[in-house]
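Here are my notes on the model.

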Amino acid sequence: MLDKDIKKNISKCARCALCVQNCPIYEIKKDENNTARGLICKLLGYEKKHLSDNEIKKDLKICLNCSKCETNCPSGVKTTSIFAYKNAILNPSKISQRILLATKLLPIKFLYFINLFKKTPKNSLNSNVLYFKGCIAKAQHKKTYLDEILYNPNFSCCALPYLTCGDLKNYNKAKKRNIELIKKASMVVFDCVSCKSAIENYSELTQEDKSKLVFITDLENNFKSLKPNSKYKNKTVTFHKPCHMSKNDFQKIEKFLSSIDNIKYISLENIDSCCGFGGSYFIYHPIIATKIALKKAFTIKKSNADLILTACPSCTMGLRFNQLISFNYKKTLELRDFIHNELAK
Ligand code: SF4
Ligand code: SF4
């Protein structure tokens, strides 16, 4: 059965199909069962007992949870939370996605397990402006620009990996810890847009709480040029917009990158197209993920950019994979590392 919130939400669907054209899974499979409109119709059938658990399980599992349908929905249906939550109930998993994430990271960062026993770097500043450092940056034991200027109280995981993996116990535990910290803070700064978006979707947060959540480029900063020894001087730089990034955050990033001297910023074509990685999606659905990745890879290749930036570690891994399959070996960096290592303060 569907819970009250889900029922209320899906009743808002006007069947307009505006979500269909942007769905990356529909683009590959051309099957409306896998779009937001199709999934909502199936959930309604399930509620009326016309469909069994098994008949909707498979279609829910194939959803990338990319939020593109939600962004384009004129009726404000919270599609991503509905699909992820219902999938978690119907496809529960005892294996936490964090273990899967660690496994994915191993070939790239084989020191992951050693790093687990080190303390996370914490700034001694005691402020109520907090740094939300995501799991992957913590696992990689990276010191970032935000570590230098903000207090890092060691938030839990944003909880989206638990939800998409069906681990509701850890999902609720992580959410509870994060909500407690957000309530006490005056501002929380993110350098991963996927973590930011996952937390913005917590239904327990008020509008006032959500207004405290900001992205790194919202901070006042003096970054206007590259460090004198930067290898990106006079190079062309582009940015991959992660699926969960809002239009507003993306516009700010474009403005920020365009304002830096000595680099040429160019926009990618089809800016909303997905990198195909989607957390552990690649592990469960490698063929669909590779088809999505190939489309992105050729858009990037066509851009002729020397450096590809993004603002989500999962997308970074996806884009590096894209470079391999399109034989386009250009550097891919996270925005936070570019700011930390390449820009003059
Ligand atoms: S865009 Fe929104 S209202 Fe329209 S079919 Fe999709 S979910 Fe329903
Ligand atoms: S979340 Fe993404 S993959 Fe899932 S239905 Fe919406 S647009 Fe399609």
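1. Which residues in H17 meet which residues in H18? Ala 293, Leu 294, Lys 296, Ala 297 and Ile 300 in H17 meet Gly 318, Phe 321, Asn 322 and Ile 325 in H18. Contact here is a pair of C-beta atoms, placed from the backbone, within 7 Å. By class, this contact has six nonpolar, two polar and one charged residues.

2. Some ground rules. This is a predicted model, in which local features need pLDDT of at least 70 and side-chain atom pairs count only at pLDDT 80 or more, while totals for chains, interfaces and linings use all residues. Residues are numbered from 1 along each chain as its sequence is written, with chains lettered from A and ligands numbered from 1 in the order in which they are written. Helices (H or I, at least four residues) and strands (E, at least two) are DSSP runs, numbered from the N terminus.

3. Helix H17 (residues 286-303) packs with H18 at an angle of about 75 degrees, and their axes are 9 Å apart. H17 and H18 are therefore roughly perpendicular to each other. Axes are lines fitted to C-alpha atoms, for helices over the stretch in contact, and angles run from 0 to 180 degrees between N-to-C directions.

4. Met 317 sits in helix H18 (residues 313-325). Met 317 counts as buried because it has 20 C-beta neighbours inside 10 Å. The cut-offs are 20 or more other C-beta atoms within 10 Å for buried, 12 or fewer for exposed, and partly exposed in between, with C-beta atoms placed from the backbone. Gly 278 is 39 residues from Met 317 along the chain, and their C-alpha atoms are separated by 10.0 Å.

5. Now H4 and H6. Helix H4 (residues 53-62) and helix H6 (residues 79-90) pack at about 125 degrees, with axes 10 Å apart. That makes H4 oblique to H6. In H4, Asp 53, Lys 57, Leu 60 and Lys 61 meet Phe 83, Lys 86, Asn 87 and Leu 90 of H6. This contact divides into three nonpolar, one polar and four charged residues.

6. Ligand 1 has 16 residues around it; Cys 13, Cys 16, Cys 19, Arg 37 and Cys 73 come nearest. A residue is near if its C-beta atom, placed from the backbone, lies within 6 Å of the molecule or strand. Helix H3 (36-47) and helix H5 (68-72) each supply at least two shell residues. H3 gives the most, with three. The shell has eleven nonpolar, three polar and two charged residues.

7. Ligand 2 has 15 residues around it, and Cys 23, Cys 63, Leu 64, Cys 66 and Cys 69 come nearest. H2, H5 and H6 give two or more residues to this shell. The largest share, three residues, comes from H6. By class, the shell holds nine nonpolar, five polar and one charged.

8. Two backbone points to check. Most residues other than glycine have a negative phi. Arg 15 has phi near 60 degrees, a positive value, and lies in the loop between helix H1 (4-10) and helix H2 (24-29). Lys 30 has a positive phi of about 50 degrees and lies in the loop between H2 and H3. Arg 15 counts as exposed, with 8 C-beta neighbours inside 10 Å. Lys 30 is exposed, with 8 other C-beta atoms within 10 Å.

Methods
Ala, Val, Leu, Ile, Met, Phe, Trp, Tyr, Cys and Pro count as nonpolar, Asp, Glu, Lys and Arg as charged, and the others, Gly among them, as polar. Angles under 35 degrees count as roughly parallel, over 145 as roughly antiparallel, 65 to 115 as roughly perpendicular and the rest as oblique. Two residues are in contact if their C-beta atoms, placed from the backbone, lie within 7 Å.
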